[in-house]
Structure formats: C-alpha cells, structure tokens
Amino acid sequence: MQLLVTGGMGFIGSNFIHYWLKNHPADTIINFDNLTYAANPASLQDCSHNPRYHFVKGDIVDEVAVDQVMSGTDVVVHFAAESHVDRSIDNPTLFVRTNVLGTYVLLSAALKHSVKRFHHISTDEVFGSVNRLDPQDFFRENRPYNPTSPYAASKASSDHFVRSFFKTFGLPVTISNCSNNYGPFQNPEKFIPRMITNVLNNQKIPVYGQGDNIRDWLYVEDHCSAIDTILNKGKVGETYCIGGLKDGSTNLNLVKTVLQVMGKNIDQINYVPDRPGHDDYRVDWTKINQQLGWTPKHTLEEGIKATIQWYQQNSDWWTNSKKEAELFYQKLNNYQHTSYEKK
Ligand code: NAD
Ligand code: TDX
C-alpha cells in the first residue's frame, strides 16, 4: 500500500512515519511537506536511505504539485497544518490558507485520483470549551462545533470540508479529533517541550493566567496507534475522538509533574498574562475504545519521563527551534502589550 503523509516533517507526522515504517513493512510512504518553521528534517534523518520512504517538498495549497504527488496513492493521512494557537492569534491568515484551502486542495485531488481512504487529523479544539466547573462535561463526537481561536476555527472549517466531500461526492473519509499530544520531536513552542527546555536552560516556566486551564494529554505514539486502528478498523464517514486521560489535568498539575520528575520545585513557575480566548478541554474517547478496541498504552507519568529523557539527550535537535520559538514569544508579548495600551 502507498501512503501519502502530509506534514510528515512536523511533530506528529514524523512520529507517525517512524511508527508506520516499523509496523507495516510492506508499505511505502511519500512525505509531502513544504518545510515551514515547524518542520525539522533531522526528525527523519534515519529514514533517508530507506527505500520505502520518499520525501517530496511541496505546498498543499499548490494544486499542480498536489495532483502530481497524489498519483498512485492508496491512503492519504493528512497532518499538514499551521498548528500553534498562539501563532494563530498573531497571524490568522496563514491558518486559513493552509488549514482550510490546503485541505480543500487535497480533498479535490484525492477525489480525482480515487484514493481508497482520506484520513483527516483534527483536534479536540473544534468543540470550543468544556464547562470547567462540571466534571461530567466532556467533548464527544456528537457535540456541536464551537471553535474559539483562529486555529480551532480553521480546523473546524477543514473538518466540515472533509465531511462535505464524503456526503456530496462519496470520498471515503475518516476524521479523528485528538487532544494535546506530547513526546519526542515536538517544537519547543508547545507547552511541554517549552517547560522541559526552559528548565534545561535554567529559565523559569511561563504559565498562562493562574494555570487552571484544563487539557487532556496523549503520548504521541498512542496517537499513532489510534490512527492505525482507524485506518484498519474505522468506518468510512465516521469521526473518532482520541484522548489519553480519564479526566482532564490542570496546567498547574502538569507543571508540577514535570518539575517533580526534573527534580525542581514550584519556584520555577512564572505566572504570565493569559492567552486571549483561553479555553478548557476534556475528551471522552469511549467510542474508539469500545467500537475499535483502541486504548492508550502510556500513562502520563511514563510519557512525561520518556519525553524529558528525550529532550535531555537531543539538545542538538531543539537548540535552533528553541531560539526561534522564544523570539516569537518575545514578539507576541510586545504585540499583546501594544494592543492593550491602545485600548
Ligand atoms: P507541526 O506544526 O509540528 O507540523 C506541521 C507540519 O506541516 C510541518 O512539518 C510543516 O512544515 C507542514 N506544513 C505546514 N504547512 C504546510 C503546507 N502548506 N504544505 C505542506 N506542509 C505544510 O504540527 P503537529 O503538532 O505535528 O500537528 C499535526 C496535525 O495534528 C495538525 O493537523 C494539527 O492540527 C493536528 N493536531 C495536533 C495536536 C497536537 O497536540 N500537536 C493535537 C491534535 C491534532
Ligand atoms: O508557555 C506556555 N504556557 C502555558 O501556560 C504555553 C506555550 C502554553 N501554556 C498553556 C496554554 C494551554 O492551556 O498550556 C496549554 C497547552 O498549550 P499549547 O502547547 O500551546 O497547546 P494548545 O493550545 O492546547 O493546542 C495544542 O493541542 C491541540 C496543539 O498546539 C494543537 O495543535 C492541538 O490541536
């Protein structure tokens, strides 16, 4: 089988390619990625001589390039996206272009080339926010969409396009809405690697607001196995919510877990102004568990330990992207400060 993986030089895509090459020895993968700031070719350096792996540099918005790369594809696994909420607050246009238009271009080409499956990687953020005070309030597949950030709105829009291609044109699609991933090869702009690399650099951990926002966390390898399960056993036209915890965790509890494993105390926390539109997520992953038999294998503590160890041992991988991420945050802080003064 030939897979077209979009965005395979990013965090989850590169983990997925490693996972798939290892677990599906008869398959070949084409990784189509235009190498934005979020890509790190070093993540797949070990695959560069594998005859079952091919990299094609290209933009998912480019109809000609997408048409060419789609030829011969059996299955599309679509990861490529602008993925960072804070960047979507800074520059939403790019999110509309890549996440909405790019997904539409891929869907059109997949239809033209009669692919057997188009799997769309989406996020729990399309549902908006759970009620923090109601511990029974979870995101489930049938919850109405209510995105709040420009990132979430662009992913919600792409999900709607994917469903429309199933209903209108019969394209065999599946969608997964996953919670926050963490693990090796994640850009240090994201919370868990930002915490770890800050501690390794003897810097404090910036916690937005009071640290009481709720998230669900999933070790990235478990996300890869969930996608594998959906590709093999999932029903065409269906959506599956994927998560890792039974209940959510507050950001503050997560920080304390990371600090404890790294042998530090809460003096390392620096409370900073909150993210605008900051919301809360809890995910109920009963459907994929009961209907397809998937279950995450890593506890949060195990996953956090493995992730910390990976960042400790791979500083060459993250040094440059760390500098770039902190420059971005410096600019964002200046921007937020300026807009506040103008009000
Ligand atoms: P990432 O930012 O680490 O990687 C995105 C990749 O897409 C990069 O390699 C980038 O170069 C590529 N890309 C971006 N624009 C492109 C374009 N126009 N053409 C071709 N390639 C392009 O993202 P990630 O964290 O690995 O997320 C992957 C997917 O999973 C995204 O669709 C995201 O919305 C979704 N998701 C992420 C999480 C999470 O916690 N990271 C959770 C749920 C869902
Ligand atoms: O420095 C920080 N301090 C902080 O308190 C950062 C970077 C984040 N946070 C908070 C904000 C969130 O409540 O931590 C939480 C996680 O933040 P991010 O890592 O930016 O992730 P989030 O905004 O939750 O979105 C992620 O999960 C869903 C991914 O980036 C998305 O691509 C995915 O769809």
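Predicted model: local features only at pLDDT ≥ 70, side-chain atom pairs only at ≥ 80, totals over all residues.
Numbering starts from 1 along each chain as its sequence is written, chains are lettered from A and ligands numbered from 1 in the order in which they are written, and side-chain values use heavy atoms, with hydrogens and water left out.

**Ligand 1**

- There are 28 residues around ligand 1, and I12, D33, S83, Y151 and K155 come nearest; a residue counts as near if one of its heavy atoms lies within 4 Å of the molecule.
- D33 puts a polar side-chain atom 2.6 Å from an oxygen atom of ligand 1, and K155 likewise has a polar side-chain atom 2.6 Å from an oxygen atom of the ligand.
- On its own, ligand 1 has 840 Å² of accessible area, and the protein covers 97% of that (Shrake-Rupley method, 1.4 Å probe; for residues, only the protein chains shown count as cover).
- Four elements each supply at least two residues of the shell around ligand 1: α1 (11–23), β5 (117–123), α5 (150–169) and β7 (180–182). Helices (H or I, at least four residues) and strands (E, at least two) are DSSP runs, numbered from the N terminus.
- β5 has the largest share of that shell, at three residues.
- By class, the shell splits into 13 nonpolar, 12 polar and three charged residues. Here Ala, Val, Leu, Ile, Met, Phe, Trp, Tyr, Cys and Pro count as nonpolar, Asp, Glu, Lys and Arg as charged, and the others, Gly among them, as polar.

**Ligand 2**

- Ligand 2 has 19 residues around it, with T123, Y151, R215, R275 and H278 coming nearest.
- In the side chain of E125, an N or O atom is 2.7 Å from an oxygen atom of ligand 2; for R275 the corresponding distance, again to an oxygen atom of the ligand, is 2.6 Å.
- H278 has a polar side-chain atom 2.7 Å from an oxygen atom of ligand 2.
- The protein covers 94% of the 660 Å² of accessible area that ligand 2 has on its own.
- α6 (191–200) and β8 (205–208) are the elements giving two or more residues to this shell, and β8 gives the most, with three.
- The class breakdown is seven nonpolar, six polar and six charged residues.

**Cysteines**

- Searching the whole structure turns up zero disulfides (a disulfide being a pair of cysteine sulfur atoms within 2.5 Å).
- C47 is in no disulfide, and its nearest cysteine sulfur, that of C224, is 12 Å away.
- For C224, the closest cysteine sulfur is in C178 at 9.6 Å, too far for a bond.
- Both C47, at 5% relative accessibility, and C224, at 0%, count as buried (under 20% relative accessible area; exposed is over 50% and partly exposed is in between, with a 1.4 Å probe and protein chains only).

**D86**

- D86 sits in helix α3 (residues 85–90) and is buried, with a relative accessible area of 3%.
- Leaving out residues up to four places away in sequence, D86 touches Y208, R275, F328, Y329 and L332, where contact means heavy atoms within 4.5 Å.

Key: Polar contact = N/O pair within 3.5 Å; in protein donor to acceptor, adjacent residues only side chain to side chain.
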